[in-house]
Amino acid sequence: MKAMGQDDLAEYHDEYREALERVIAAMDEGKQPPSAEAAPEPAGQVVGLVAALNASTSRTMWR
């Protein structure tokens, strides 16, 4: 427990709170709140694990 209290909390910041404060400030000024940033698209191809395992075992078992 003592080791946990020794972290320097100055290096951390709360992005959610900052975004929420921007929304509240915009609404207080009568402006439209800023829109949320779009999440980045996945870079790779999504493959079903079970399908990949079935394909892998079928190739190796019957050769």
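**Briefing: surface, helices, salt bridges and pocket**

The accessible surface of the protein comes to about 6,600 Å², and carbon and sulfur atoms account for 57% of it; accessible areas are from the Shrake-Rupley method with a 1.4 Å probe, and for residues only the protein chains shown count as cover. This is a predicted model, in which local features need pLDDT of at least 70 and side-chain atom pairs count only at pLDDT 80 or more, while totals for chains, interfaces and linings use all residues. Residues are numbered from 1 along each chain as its sequence is written, and side-chain values use heavy atoms, with hydrogens and water left out. Of the 63 residues, 2% count as buried (buried is under 20% relative accessible area, exposed over 50%, partly exposed in between, with a 1.4 Å probe and protein chains only).

**Helices and loop**

- The protein has 2 helices and 0 strands (DSSP runs numbered from the N terminus: H or I of at least four residues for helices, E of at least two for strands).
- Helix H1 covers residues 15-28 and includes Ile-24.
- Pro-33 sits in the loop between H1 and helix H2 (49-61), and counts as partly exposed at 28% relative accessibility.
- The C-alpha atoms of Pro-33 and Val-23 are separated by 5.0 Å, although the two are 10 residues apart along the chain.

**Salt bridges**

- The structure holds 2 salt bridges (a side-chain nitrogen of Lys or Arg within 4 Å of a carboxyl oxygen of Asp or Glu).
- Arg-17 pairs with Glu-21 in a salt bridge, with the closest N and O atoms 3.0 Å apart.
- Both Arg-17 and Glu-21 lie in helix H1, 4 residues apart, about one turn of the helix.
- Arg-17 counts as exposed because its relative accessibility is 52%, whereas Glu-21, at 43%, is partly exposed.
- Lys-31 forms a salt bridge with Glu-29, the closest N and O atoms being 3.2 Å apart, and both residues are exposed.

**Nonpolar patch**

- Tyr-16, Leu-20 and Ile-24 make a nonpolar surface patch of about 340 Å².
- Patch residues have over 30% relative accessible area and no salt bridge; like charges are joined within 9 Å, and nonpolar side chains (Val, Leu, Ile, Met, Phe, Trp, Tyr) within 5 Å.

**Largest pocket**

- The largest pocket has a volume of about 180 Å³ (the space filled by probe spheres set on grid points, which are joined across faces, edges and corners).
- A pocket is an open set of points on a 1 Å grid over the protein atoms alone, where a 1.4 Å probe fits, with protein on both sides within 12 Å along at least five of seven lines; lining residues have an atom within 4 Å of a point.
- Ala-19, Arg-22, Val-23, Pro-34, Ser-35, Ala-36 and Glu-37 line the largest pocket.
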